Amino acid sequence: MSFFSGLNAESYDRQYSDRELLVRIARYFRPQRRALVVIALTLLVNSGMVALLPVVVSHSIDLLKPQMDILAVYLLSGAILLIGLVRWCSNWILRRVSSRAIADVVLSLAQDAFQAATGHDLSFYDEYSSGRILSRITGDTRDFGQLISLTTDLVAQVAEALILGVVLVNIEWRLCLYIFALIPIVLLLSISYRRLARTVTRRGMQAMAEVNATIKETVSGISVAKNFRQENSIYTDFQRANDLSYRVNVQRGLTLSVVFPTLNTLGGVAAAFLVYVGGANVMQGTITAGAWYLFILSLDSFLYPIMSLSSFFTQVQTGLAAAERVFALIDAAPAVVQTDHLPTPRLEGAIDFEDVSFRYKDAEPVLAHFHLHIAAGETLAVVGHTGAGKSSVAKLIARFYDFQDGCIRVDGQDVRTFDLESYRRQLGVVSQVPFLFSGTVADNIRYARGEASDAEIAAIATQIGHGEWLETLPQGLATEVGERGSQLSMGQRQLVSLMRVLVQRPAVFILDEATASIDPFTEHQIQEALN
C-alpha cells in the first residue's frame, strides 16, 4: 500500500505555476499599496541599521589604543545606542504595519474562499467533504498569512546582505570572492529541493484536511454513534486518520529538516576558510584587524539570508501549497450553470418538464425522458418508491442540481435563464429533515426575511394549530433552539421550518416529505396551516 494512500486530491484541485500563484497573490495586495510603501521604507532603514552595526564595531577595533581618547569611546557607544534605537523604532513600525496588511489580505482571501464555497450547489457538497472545505478556508488561509510574514523577514535579510556586500567589496574585494562563490552552491541546492518540498507539504495539508473531515463527521453524528454503541468504531476511524496524518507529517518534517544541517555545514566550512585566509591577510598587512573582524562578523549576516532563502523554500512551499488549495476552491467550476441572468418576475407557478434526463453519476440515471406538467396554482403529489426520483424532481425545480438533457420551464420560461438568486427567493422548500441554526425560534423563522416583524411572525405562528404549539416552548418565540435545533422536538423543528418558508411568501411551495418524521397531530396542524 502506498504511504500516501487515502490522501487523494479533490477532483477540482489543479496545479498552478509559481508565476500564476504570485500574480494571483499580487491582486490581493493591490489595496495595500500605501502599507507596502511604508513597509519598504522601514525595511530599508532597519536593514541599514543592522548592516551598519558591524561596520561601527569593526572601526572601533581599529581605533583601540592603550591610551584611547575617552571622547571617542563615548561617541562610539552613542553611535551604537542610536543604531539600536533607530532599529527598534523601524522594526516596531514594520511589524505593526505588516501585521495589519497581512491580516487584511488573509481576511479577504478567506472571504473569497467562503463565498465560493457557499456559491456551490448541493451536488458539490454531495461529492466533497465539508470538513476538507473547512480546512481550506481556515487552516490554509492561515498558512498563507505565515508565508507573507516570513517573506517580509526574508526581504529584510536580503536587503541587509546587499548593504553589507557593498561594504565588504569596498574593504577587500578578494575576500568577498570566497563568500560569493558559495551563492551558486546554495542556490543549486535550493532549486533541486523545491519540488520535493512542495510535494510533501501538499500531502501534509491533505492529511490534516482528512483529520478535520473525520472529526466533523463524527461530532455531527455522535447521537447516532451512541445510539448504536459505536463509540469505539468512530474512535478507530479518527485514530486511523490521525495516525496517517502523523506519519505523513513526520515524513514531511524529516524531509524539510535536511536543509538547515546542510547549510550550517557549508557556513561552518566558509567561516573556517575565511578565518584562515583573513588571518593571513592581516599578518601580511593587506587588511586591518578591524576589517578582518568585520568579515567574520558579517559572514553570518551575509550568508544567513542565503541560507534562509534555501530553508525558506520549505515555508514558501507551505504557503504556496496553501494558496494553491484555496485558489482551487475559489476556481472550482459550478455544477449548476445558468445560460442567462434575467430578472425573475412574480411567478405564477406553472412548471413543465420537457424530455428531462438527470443523473447524479454517469452510470446511475434517475430520470430518463421525463415529462411533467404542473399548472399554476395546482397542488400535485408525486408518489413513488424510495429512490424513484421524487426528491430529485423538487431539487431540479429549485436548481440545486443541473439536469443533463431536456428543458424545465417555469411560466413558459427556461429555468436556466433566470437570475438564480431572485428565482430562488420565490421558492419555498421544506425538507424531510429540518435544520435550524443556533439562536431563537424567531431568529430561525425570519431567516429568509430579516425585516419580518415580531407581530407578523406571531400571526403566522397562531395559524398553526391556533398557536397551541407555542405553549410547549419555555419562552415562546424567544426560546433558544440549540445547535441544529437540538433543544426542540422533531415536530417543533419541522413547524419552525414550515414557518420559515411561510414568512417568505413563496410563489412555488415544495414539501419534500416534510411530514414523514413527525407525529400525526403535528402533521394535521401543518396541513391546516397549508390550507
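**A helix across a sheet**

Trainee: At about what angle to S1 does helix H12 run?

Mentor: This is a predicted model, in which local features need pLDDT of at least 70 and side-chain atom pairs count only at pLDDT 80 or more, while totals for chains, interfaces and linings use all residues. Residues are numbered from 1 along each chain as its sequence is written, and side-chain values use heavy atoms, with hydrogens and water left out. Helix H12 (residues 390-397) lies across S1, S2 and strand S3 (405-410), where helices (H or I, at least four residues) and strands (E, at least two) are DSSP runs numbered from the N terminus. With axes as lines fitted to C-alpha atoms, for helices over the stretch in contact, and angles from 0 to 180 degrees between N-to-C directions, H12 runs to S1 at about 110 degrees.

Trainee: Which are the edge strands of the sheet?

Mentor: The sheet is open, with 4 strands in the order S2-S1-S3-S4 and antiparallel pairing, two strands being paired if DSSP finds at least two bridges between them. Each edge strand pairs on one side only, and these are strand S2 (364-374) and strand S4 (413-414).

Trainee: Which residue in S2 does Lys 361 stand opposite?

Mentor: Strand S1 (residues 351-361) and S2 pair in the antiparallel sense over 7 bridges. In this pairing, Lys 361 stands opposite Glu 364.

Trainee: The backbone oxygen of which residue lies 3.2 Å from a polar atom of the side chain of Lys 390?

Mentor: Lys 390 lies in helix H12. Leaving aside its neighbours within four places in sequence, Lys 390 is in contact (heavy atoms within 4.5 Å) with Val 382, Val 383, Gly 384, His 385 and Glu 513. The backbone oxygen at 3.2 Å belongs to His 385.

Trainee: How many of the 531 residues of the chain, as a percentage, count as buried?

Mentor: The secondary structure comes to 17 helices and 6 strands. Of the 531 residues, the buried share is 44%.

Definitions and conventions:
Buried means under 20% relative accessible area, exposed over 50%, partly exposed in between (1.4 Å probe, protein chains only). A polar contact is a pair of N or O atoms within 3.5 Å; within protein, one must be able to donate a hydrogen and the other to accept it, and residues adjacent in sequence count only if both atoms are side-chain atoms.
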